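Me: Hi! I have a structure open and would like to talk through a few residues with you. Could you help me out?

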Amino acid sequence: MSKVSLKIEFGGGLELLFDNQRSYRIDVPSEVPIDNSTDEESLSTKEKKPVDVKYLIHHMRDHMLKERVELFMEKDTVRPGILVLINDTDWELEGEGDYKLKSGDEIVFISTLHGG
């Protein structure tokens, strides 16, 4: 299974939810389940789509977030007050969660509620 290598960064206090680590380098599958489930069985059995930011947010919730999911996610996306940058560009200009991730992409999450 091919992978997409990403750099994830946090700011504005959001890193406190992710083991107080400001930066991560992670690999995610290049094709993921349409329903964004992140367990191993789903990765091998469900209908697939190219990996996008929606899946990344679910992956981060299930595999990286250490506490208080409600401070990071609301419904199926990041909660209001979190600025998301994709390669230094506001994700709203890149299609938000529908942006197809590519190796080398840098995704930054900044909480604007706590000094971001």
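Me: Let's start with Lys-49. Is Lys-49 buried or exposed?
Reply: Lys-49 counts as buried, because its relative accessibility is 15% and the cut-off for buried is under 20%. Keep in mind that this is a predicted model.

Me: Okay, and where does Lys-49 lie?
Reply: You'll find Lys-49 in strand β4, which covers residues 48-50.

Me: Which side chain does the Lys-49 side chain join in a polar contact?
Reply: That would be Asp-52: a polar contact of 3.0 Å joins the two side chains.

Me: And which residues is Lys-49 in contact with, leaving aside neighbours within four places in sequence?
Reply: Ser-30, Glu-31, Val-32, Pro-33, Ile-34 and Asn-36 are in contact with Lys-49, and so is Lys-54.

Me: Switching to rings. How many aromatic pairs does the structure hold?
Reply: There are five aromatic pairs. One of them is Phe-18 with Phe-72, with ring centres 5.2 Å apart and planes at 85°.

Me: Why is that pair of Phe-18 and Phe-72 edge-to-face?
Reply: Because the planes sit at 85°, and planes over 60 degrees apart count as edge-to-face.

Me: Which parts does the pair tie together?
Reply: Phe-18 is in the loop between β1 (3-11) and β2 (23-29), while Phe-72 is in the loop between α2 (53-63) and β5 (73-74), so the pair ties together parts 54 residues apart in sequence.

Me: Is Phe-72 buried or exposed?
Reply: Phe-72 is buried, at a relative accessible area of 0%. Phe-18 is buried too, with a value of 0%.

Me: How does Phe-72 pair with Phe-109?
Reply: Edge-to-face, with 5.7 Å from centre to centre and 65° between the planes. Phe-109 lies in strand β9 (residues 106-111) and Phe-72 in the loop between α2 and β5, so this pair links parts that are 37 residues apart in sequence. Both Phe-72 and Phe-109 are buried.

Me: Which residues do ring pairs link into a cluster?
Reply: Phe-10, Phe-18, Tyr-24, Phe-72 and Phe-109.

Me: Last topic, Ile-86. Where does Ile-86 lie?
Reply: Ile-86 is in strand β7, residues 82-86. Ile-86 counts as buried, at 0% relative accessibility.

Me: What is Ile-86 in contact with, leaving aside neighbours within four places in sequence?
Reply: Val-53, Trp-91, Glu-94, Glu-96, Tyr-99, Glu-106 and Ile-107.

Definitions and conventions:
Residues are numbered from 1 along each chain as its sequence is written. This is a predicted model: local features need pLDDT of at least 70, side-chain atom pairs count only at pLDDT 80 or more; totals for chains, interfaces and linings use all residues. Side-chain values use heavy atoms; hydrogens and water are left out. Rings of Phe, Tyr and Trp (its six-membered ring) pair if their centres lie within 6.5 Å; planes under 30 degrees apart count as stacked, over 60 as edge-to-face and the rest as tilted. Helices (H or I, at least four residues) and strands (E, at least two) are DSSP runs, numbered from the N terminus. Buried means under 20% relative accessible area, exposed over 50%, partly exposed in between (1.4 Å probe, protein chains only). A polar contact is a pair of N or O atoms within 3.5 Å; within protein, one must be able to donate a hydrogen and the other to accept it, and residues adjacent in sequence count only if both atoms are side-chain atoms. Contact means heavy atoms within 4.5 Å.
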